[in-house]
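Good morning. Please have a look at the structure first.

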Amino acid sequence: MEDCLFCKIIRGEIPSEKVYEDELVYAFKDINPKAPVHLLIIPKKHYPTLNDLPDEEMDIIAHIHKVVKKLAAEFGVAESGYRTLVNTNKEGGQVIFHLHYHLIGGRQLRA
Ligand code: AMP
């Protein structure tokens, strides 16, 4: 999508610290990390929110979770523990309207 920040990151128009990429997803370091490990995993296809993901395209969520699992191991938090998080719409705390998963770890997280 033309004006979407994360689409621009995928296209390389805005710099990012890429940690993984394949034909379906792109993953990079959060610019304002809430923990020692804070990664964002995003589908390359633009969905503004989880609400916009059609049921028949839900396989992308399984794929994102495979990437989360791989990155958690690579970044050394698989055993110590980590959190995956999707914020949806305003009251959910969503700021960037391109579906994304946070992977947060490397310190004790509270509920
Ligand atoms: P959310 O509140 O779930 O929409 O989260 C958006 C996340 O994107 C926040 O954690 C921001 O720190 C992060 N973010 C915003 N701009 C950038 C950027 N240019 N590169 C990396 N992360 C970003």
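Start at Ile96: one of its polar backbone atoms is 2.9 Å from an oxygen atom of the ligand. Keep in mind that this is a predicted model. Gly93 also uses the backbone, with a polar atom 2.8 Å from a ligand oxygen. With Asn87 it is the side chain, where an N or O atom is 2.9 Å from an oxygen of the ligand.

How much of the ligand does the protein cover? On its own the ligand has 510 Å² of accessible area, and the protein covers 85% of that.

Next, the neighbours. There are 16 residues around the ligand, and Asp30, Gly93, Val95, His100 and His102 come nearest. By type, this shell has eight nonpolar, six polar and two charged residues. Helix H1 supplies the largest share of the shell, three residues. Strand S2 is also among the elements that give at least two.

Now the space itself. Two or more lining residues come from each of H1 (5-11), S2 (25-29), S3 (37-43), S4 (82-85) and S5 (101-105). H1 gives the most here, with three residues. Sorted by type, the lining has 13 nonpolar, eight polar and six charged residues.

How values were computed
Residues are numbered from 1 along each chain as its sequence is written. This is a predicted model: local features need pLDDT of at least 70, side-chain atom pairs count only at pLDDT 80 or more; totals for chains, interfaces and linings use all residues. Side-chain values use heavy atoms; hydrogens and water are left out. Helices (H or I, at least four residues) and strands (E, at least two) are DSSP runs, numbered from the N terminus. Ala, Val, Leu, Ile, Met, Phe, Trp, Tyr, Cys and Pro count as nonpolar, Asp, Glu, Lys and Arg as charged, and the others, Gly among them, as polar. A residue is near a molecule or strand if one of its heavy atoms lies within 4 Å of it. A polar contact is a pair of N or O atoms within 3.5 Å; within protein, one must be able to donate a hydrogen and the other to accept it, and residues adjacent in sequence count only if both atoms are side-chain atoms. Accessible areas come from the Shrake-Rupley method with a 1.4 Å probe; for residues, only the protein chains shown count as cover.
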